[in-house]
Amino acid sequence: MIILGIESSCDETAAAVVEDGCIIRSSIVSTQIEVHHKYGGVVPELASRMHMEAILPVVTEAIETAGITMDDIDGVAATRGPGLVGALLVGFSFAKAFAWARGLPWTGVNHLEGHIYSVFLGKTPPSLPFVILLASGGHTNLYHVTSANDFELMGQTRDDAAGEAFDKVAKMLGLGYPGGAIIEKLAEKGNPGKIRFPRSYLDKDGFDFSFSGLKSAVARHLQQREEELSPGDVADIAASFQAAVLDVLSFKLLNAARVKGCDAVALAGGVSANTALGRRVARDAASKGMTLALPPLSLCGDNAAMIAARGHRLIKDGTLCQLDHDVFSRTRI
């Protein structure tokens with residue numbers, strides 16, 4: 001079964017062709033980073049307009065790159081939510097029209113479930129059951145995954161998501177948007193023990209996250225400094241901030257796996273592209289006899305291959321969308 005996947009939940013217009021839920025024939029992503037960079041974050045109205053401009057060329061390129069024609073497509077899957085409503089409507093409406101015009105089954109995919117499915121597209125997917133940390137600009141969630149359709153939400157952020165905290169701290173430091181990759185690169189040059197920022201564990205026996213206090217601690221540190229920051233100071237702040245985030249993420253993930261009796265853990269979402277996070281969790285997991293699964297780097301951020309993979313399962317199970325179905329901005333799995 002060949003599925004055309006479409007993703008437009010935020011600032012990437014993406015299309016992919018995936019065969020049998022696991023073979024990626026093509027994966028095309030058109031990013032809007034340069035447009036939103038000067039605003040320090042995603043501007044929803046601009047994102048929607050750019051999706052409208054990009055959706056047809058991106059889908060066309062995905063089909064051509066896969067070496068197929070439209071007649072070879074067996075079903076269509078598009079992100080239904082959560083995300084920016086205007087952005088979601090572009091991809092979801094395109095998928096609806098494409099499927100209706102060609103008489104194809106189609107389904108709407110929960111963006112978060114798509115990220116969970118990204119780990120199944122890697123070379124060494126985790127064995128069931130496992131616990132996965134989904135960390136991105138909009139979410140920091142822990143799920144206990146027991147089957148292809150069963151995802152138990154164990155914990156989530158009570159305020160800022162991890163990726164959001166990276167972006168906001170980068171903005172405080174005048175580093176620009178998006179902040180995650182910038183801070184990660186700077187942190188390599190800094191001393192992670194130079195500044196002892198707080199670790200927001202909340203309840204160490206619980207699984208919820210909170211990063212607003214850490215963000216505020218960085219702001220206070222900057223306000224209390226009287227001298228101008230040198231490049232070395234900025235690197236130390238970046239490294240110390242990142243260390244505080246990684247300590248909490250790794251601890252919560254592995255503790256959740258311990259409670260559920262799982263030997264496998266996984267990372268997904270844009271923050272999973274942070275190599276320091278991957279190294280930290282891999283080291284901590286190995287010390288506890290656990291294995292770590294990661295999606296391919298190209299599938300850590302928003303992409304349509306993960307949407308097509310999840311859509312393949314939904315279409316096979318008969319979970320389809322109708323013409324009157326709409327998108328949603330917020331939801332839980």
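Predicted model: local features only at pLDDT ≥ 70, side-chain atom pairs only at ≥ 80, totals over all residues.
**View 1. Crossing of helices H8 and H9.** Helix H8 spans residues 231-260 and helix H9 spans residues 275-287; their axes come within 10 Å and cross at roughly 40°. That angle makes H8 oblique to H9. The crossing in which H8 passes H9 is right-handed. On the H8 side, the contact is made by Gln-242, Leu-246, Asp-247, Leu-249, Ser-250, Leu-253 and Leu-254. H9 contributes Ala-276, Leu-277, Arg-280, Val-281, Asp-284 and Ala-285. Sorted by class, the contact of H8 with H9 has 8 nonpolar, 2 polar and 3 charged residues.

**View 2. Helix H10 and the residue Gly-318.** Helix H10, residues 305-316, has 12 residues and reaches 17 Å from its first C-alpha to its last, close to the 16 Å expected at 1.5 Å a residue. H10 is mostly covered, with 10 of its 12 residues buried. Among the buried residues are Met-306, Ile-307, Arg-310, His-312, Leu-314 and Ile-315. Gly-318, which follows H10, has a positive phi near 80°.

**View 3. Crossing of helices H4 and H10.** The axes of H4 (residues 111-118) and H10 come within 8 Å and cross at roughly 100°. The two helices are therefore roughly perpendicular to each other. From H4, His-111, Glu-113, Gly-114, His-115, Tyr-117 and Ser-118 meet Met-306, Ile-307, Ala-309, Arg-310 and Arg-313 of H10. By class, this contact of H4 with H10 has 4 nonpolar, 4 polar and 3 charged residues.

Definitions and conventions:
Residues numbered from 1 in each chain as written. Heavy atoms only, no water. Axes fitted to C-alpha atoms, helices over the stretch in contact; angles between N-to-C directions. Helix = DSSP H or I, 4+ residues; strand = E, 2+ residues; numbered from the N terminus. Parallel < 35°, antiparallel > 145°, perpendicular 65-115°, else oblique. Left-handed = near helix turned anticlockwise from the far one by under 90°. Contact = heavy atoms within 4.5 Å. Nonpolar A, V, L, I, M, F, W, Y, C, P; charged D, E, K, R; others polar. Expected span 1.5 Å × (residues − 1). Buried < 20%, exposed > 50% of the residue type's maximum accessible area, 1.4 Å probe, protein only.
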